[in-house]
Amino acid sequence: MLISSCALALAACSDKNAKTAAPAGPTEVGMYTLQPERQVVTNELPGRTSAFLTAEIRPQVGGILQKRLFTEGATVKSNQVLYQIDPATYSVALKSAEAALAKARASLGTAQTNAKRNAELVKIDAVSRQVYDDSQAAVLQAQSDVAVATANVETARINLGYTQIKSPIAGRTTTSTVTPGALVTANQTNVLTTVSQIDPLYVDFTQSSGEVLQLKNALASGRLQSTGKDEARITIKLDDGSNYAHPGRLQFSGVNVNPTTGSITLRAIVPNPDGLLMPGMYVRAALENGVNESALLAPQQAVTRDPAGNASVLVLGAENKLERRRIVTGAAVGSRWEVVSGLKAGDSVLVDGSLRAKEGDKVTPVPWTPRSANKAVTGDDASTTAPSSAQTAQPASAASAAASR
């Protein structure tokens with residue numbers, strides 16, 4: 001009798017536990033519905049800054065350097081005098097050339113007077129024809145002497161002006177390689193200093209030929225709309241990760257592919273009013289390639305990849321059953337992937353609940369939003385779906401079952 005009573009009690013307890021552990025229905029999961037969005041397609045590329053204009057300052061005449069008339073690293077104006085070479089010898093040469101010019105002009109006056117007189121005398125046969133011809137030739141020779149002397153004066157004046165070494169452009173100077181008292185020579189190899197114009201500034205970067213072909217195919221197929229020929233905006237990211245305040249614009253796109261690297265050279269112009277950018281800096285340039293007016297963006301946590309790297313998602317199908325669908329992804333946009341193919345607008349993909357549901361399961365879908373919108377709720381994924389009454393009741397049921405045991 002005692003054994004029978006215990007068996008009946010255990011059977012009753014088992015029936016009660018079985019009823020408590022009975023499934024509560026379809027699993028509640030977070031789903032994200034894809035909708036078309038306007039997306040500017042960008043490509044981040046490494047690049048280097050370079051000066052808009054660069055002038056290497058060298059002397060055009062030789063001599064002893066008397067003065068340096070600029071502050072190293074300061075901004076200079078166009079035609080501002082940077083160095084002064086001792087002008088004494090060039091000043092004397094100019095005066096000598098001017099004196100030679102005056103002598104040539106005096107000789108020209110005498111020759112013209114003689115030629116005019118002989119022209120009257122030859123009419124009455126007072127002088128021979130030979131004398132007349134010689135006087136006319138003397139005028140032409142005197143005129144040539146005046147022209148040569150005039151050119152010598154101009155040369156001497158130019159050389160005297162070259163004793164003041166000026167900057168051909170406005171910009172910022174570098175360090176000076178010479179000091180007053182140094183001997184410089186005309187067209188020497190070593191530069192005295194360099195002047196660089198850094199507002200605006202060039203940014204030179206490269207893009208692979210494969211990326212260029214993909215972009216052209218996307219534009220040709222109509223999936224992307226062009227932002228304008230050679231008018232793409234450039235956003236600069238500095239080496240420390242911060243964004244540069246002034247956007248640039250694409251100025252030049254190369255037409256030849258580098259056979260060594262397989263890349264194409266691009267050049268952008270970036271304003272630099274504050275002088276923050278300096279030539280030679282490493283930057284990253286975000287190039288706006290085009291605009292996708294109906295882009296589909298799926299959360300990255302909804303996309304899984306097999307060992308071969310093929311991407312797929314779980315999509316809500318008929319009767320709320322999950323279906324595995326392979327997709328092709330494009331560029332990463334923040335925390336989402338651009339979906340190139342495999343999904344269409346209105347499809348719902350599983351984001352939260354991948355550990356509670358699998359392909360073929362019937363689920364109860366609830367809207368999903370990013371975690372930042374609701375940080376208080378946690379799940380097995382990056383989920384923000386609120387727990388349902390069935391989910392909150394499951395721990396209590398398990399506790400009751402354990403207590404009954």
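Helices (H or I, at least four residues) and strands (E, at least two) are DSSP runs, numbered from the N terminus. The views below come from a predicted model, in which local features need pLDDT of at least 70 and side-chain atom pairs count only at pLDDT 80 or more, while totals for chains, interfaces and linings use all residues. Residues are numbered from 1 along each chain as its sequence is written, and side-chain values use heavy atoms, with hydrogens and water left out.

**View A. Gln84 in strand β5.** Gln84 lies in strand β5, which covers residues 81–85, and counts as buried because its relative accessibility is 11% (buried means under 20% relative accessible area, exposed over 50% and partly exposed in between, with a 1.4 Å probe and protein chains only). The side chain of Gln84 reaches the backbone oxygen of Thr163 at 3.4 Å. With residues up to four places away in sequence set aside, Gln84 touches Ile64, Leu65, Gln66, Lys67, Leu69, Thr163 and Gln164, where contact means heavy atoms within 4.5 Å.

**View B. Lys67 in strand β3.** Lys67 belongs to strand β3, residues 63–68, and is partly exposed, with a relative accessible area of 49%. Apart from neighbours within four places in sequence, Lys67 is in contact with Leu82, Tyr83, Gln84 and Pro180. Lys67 and Ala182 are 115 residues apart in sequence, yet their C-alpha atoms are 9.9 Å apart in space.

**View C. Helices α2 and α3.** The axes of helix α2 (residues 88–121) and helix α3 (residues 129–162) come within 8 Å and cross at roughly 165°; axes are lines fitted to C-alpha atoms, for helices over the stretch in contact, and angles run from 0 to 180 degrees between N-to-C directions. The two helices α2 and α3 are therefore roughly antiparallel to each other (angles under 35 degrees count as roughly parallel, over 145 as roughly antiparallel, 65 to 115 as roughly perpendicular and the rest as oblique). The residues of the contact of α2 with α3 comprise 21 nonpolar, 11 polar and 4 charged, with Ala, Val, Leu, Ile, Met, Phe, Trp, Tyr, Cys and Pro counted as nonpolar, Asp, Glu, Lys and Arg as charged, and the others, Gly among them, as polar.

**View D. Asp352 in strand β20.** Asp352 is placed in strand β20, residues 348–352, and is buried, with a relative accessible area of 3%. The C-alpha atoms of Asp352 and Ala302 are separated by 7.9 Å, although these residues are 50 residues apart along the chain.

Conventions: A polar contact is a pair of N or O atoms within 3.5 Å; within protein, one must be able to donate a hydrogen and the other to accept it, and residues adjacent in sequence count only if both atoms are side-chain atoms.
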